[in-house]
Amino acid sequence: MRLLRIGPPGEERPCAVGPGSVVRDLSAWVPDWAGATLDPDVLRELGARLEREAGALPAVDPVAERVGPPVRPGGHLLSIGLNYRMHAAEAGLDLPGEPIVSSKAPTTLVGPYDDLLLPPGGEKTDWEVELAVVIGRRAQYLPNAAAAPAHVAGYATANDVSERSWLLERGGQWVKGKSFESFSPLGPWLVTPDEAGGPQRLRLTCRVNGRLMQDGSTADMVHDVAHLVWYLSQFMVLHPGDVVLTGTPGGVALGRPDQPFLRAGDVVEAEVAGLGAHRQLCRAAARVKTAL
């Protein structure tokens with residue numbers, strides 16, 4: 001299945017791509033793509049039902065309406081650092097023996113075509129195309145990596161946007177450079193594993209103003225998807241709807257000689273093969289004025 005959520009922010013409706021590639025509104029069947037509805041067994045049952053009964057559901061035009069993130073925001077949003085050999089090499093850093101884990105504020109999660117808001121004073125906002133893994137079943141103390149796939153609802157294209165000045169120059173934790181509003185575009189779809197195929201042979205690309213900046217493969221990961229889900233489950237409970245951003249290949253602005261960080265008016269296009277593409281227009285975020 002290919003799941004998506006359509007509608008204004010905070011009012012998205014759960015939808016899915018049905019037979020004939022027609023997007024259908026599943027609000028009559030499920031409240032949202034969150035919680036128990038993301039369980040792999042539930043999704044298999046919904047997929048079979050959609051094949052049989054799609055004609056009874058309203059059709060939705062994803063071009064005429066906003067496409068939101070394919071899962072409801074609010075869960076853990078976790079970011080894995082230096083998880084591609086190419087990226088570690090361009091950063092001049094050793095490969096990590098264990099996954100480097102950071103978190104992001106849930107308010108960073110936005111749709112695949114929403115604007116990317118450049119923070120006030122931010123001069124080093126950088127792109128990071130990534131494979132996102134969405135948890136579908138509670139995972140805690142998994143016995144081994146082989147047990148991890150049973151806890152995955154599906155995969156999606158992500159952009160783990162980072163403000164490098166806050167990430168690297170301000171001390172403390174990486175969460176500061178990763179938690180600005182709109183810094184986690186996700187979607188357009190959440191693709192279930194049966195349709196996405198294996199997660200370790202997917203091409204990732206990112207273009208800025210039409211110029212190819214990143215072109216890598218998930219085969220270059222230091223720690224693969226199954227290992228990451230197993231590893232995280234050893235020290236936190238993973239719940240349905242949690243999102244794991246699994247690292248980025250080489251080609252980020254920080255690793256380039258001219259360091260072409262994002263500016264207002266730039267257009268960023270990120271894609272993972274088979275999982276769909278993003279397109280964000282960069283614009284300056286407005287400071288909120290408060291009454292004295």
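## A central strand and its partners

Leucine 78 stands opposite serine 103 in strand β7. This pair of residues belongs to the contact between β6 and β7 (residues 100-103), two strands that pair in the antiparallel sense over four bridges. Strands (E, at least two residues) and helices (H or I, at least four) are DSSP runs numbered from the N terminus, and two strands pair if DSSP finds at least two bridges between them. The model is predicted: local features need pLDDT of at least 70 and side-chain atom pairs count only at pLDDT 80 or more, while totals for chains, interfaces and linings use all residues. Residues are numbered from 1 along each chain as its sequence is written, and side-chain values use heavy atoms, with hydrogens and water left out.

Strand β6 also has a parallel partner, strand β18 (residues 243-245), to which three bridges join it. In this pairing, serine 79 stands opposite leucine 245. Five of the five residues of β6 (residues 77-81) are buried, so the strand is largely enclosed by the rest of the structure. Buried means under 20% relative accessible area, exposed over 50%, and partly exposed in between (1.4 Å probe, protein chains only). Leu77, Ser79 and Gly81 point one way from β6, whereas Leu78 and Ile80 point the other way, and all are buried.

## Salt bridges

The whole structure contains 21 salt bridges, each being a side-chain nitrogen of Lys or Arg within 4 Å of a carboxyl oxygen of Asp or Glu. One of them joins aspartate 32 to arginine 5, with the closest N and O atoms 2.8 Å apart. This pair links distant parts of the chain, 27 residues apart: aspartate 32 lies in the loop between β3 (23-25) and α1 (40-53), and arginine 5 lies in strand β1 (residues 2-6). Both aspartate 32 and arginine 5 are buried.

Arginine 13 and aspartate 25 form another salt bridge, in which the closest N and O atoms are 3.0 Å apart. Here arginine 13 in strand β2 (residues 13-17) is linked to aspartate 25 in strand β3, 12 residues apart. Arginine 13 counts as partly exposed because its relative accessibility is 23%, whereas aspartate 25, at 11% relative accessible area, is buried.

## A network of charged residues

A further salt bridge connects the side chains of aspartate 160 and lysine 104 (2.6 Å, N to O). Aspartate 160 is in the loop between β12 (152-159) and β13 (162-163) and lysine 104 is in the loop between β7 and β8 (109-110), so the pair ties together parts that are 56 residues apart in sequence. Aspartate 160 and lysine 104 are both buried. They belong to a network of salt bridges that links Lys104, Asp126, Glu128, Asp160, Arg164 and Lys178.

## Pockets and a cavity

On a 1 Å grid over the protein atoms alone, a cavity is a set of points where a 1.4 Å probe fits but cannot get out; a pocket is an open set with protein on both sides within 12 Å along at least five of seven lines; and lining residues have an atom within 4 Å of a point. Points are joined across faces, edges and corners, and a volume is the space filled by probe spheres set on them. The largest pocket has a volume of about 280 Å³. It is lined by 18 residues, of which Pro9, Arg66, Leu109, Val110 and Asp114 are the closest to its centre. Its lining consists of seven nonpolar residues (Ala, Val, Leu, Ile, Met, Phe, Trp, Tyr, Cys and Pro), eight charged (Asp, Glu, Lys and Arg) and three polar (the others, Gly among them).

The second largest pocket holds about 220 Å³ of space. Of its 19 lining residues, Leu82, His87, Arg164, Leu167 and Trp174 lie nearest its centre. The elements that give two or more residues to this lining are β6, α2 (85-91) and α3 (164-168). The structure also holds one cavity of 30 Å³ or more. The largest cavity contains about 50 Å³ of space, and among the residues that line it are His76, Leu77 and Val243. Its lining divides into six nonpolar, four polar and one charged.

Glycine 187 and proline 188 are joined by a cis peptide bond, with omega about 5°. Proline 188 is found in the loop between β14 (184-185) and β15 (190-191).

Serine 21 has a positive phi of about 60°, although it is not a glycine. This residue lies in the loop between β2 and β3, and serine 21 is exposed, with a relative accessible area of 62%. Glutamine 259 likewise has a positive phi, near 40°, in a residue other than glycine. Glutamine 259 is placed in the loop between β18 and β19 (267-272) and is partly exposed, with a relative accessible area of 33%.
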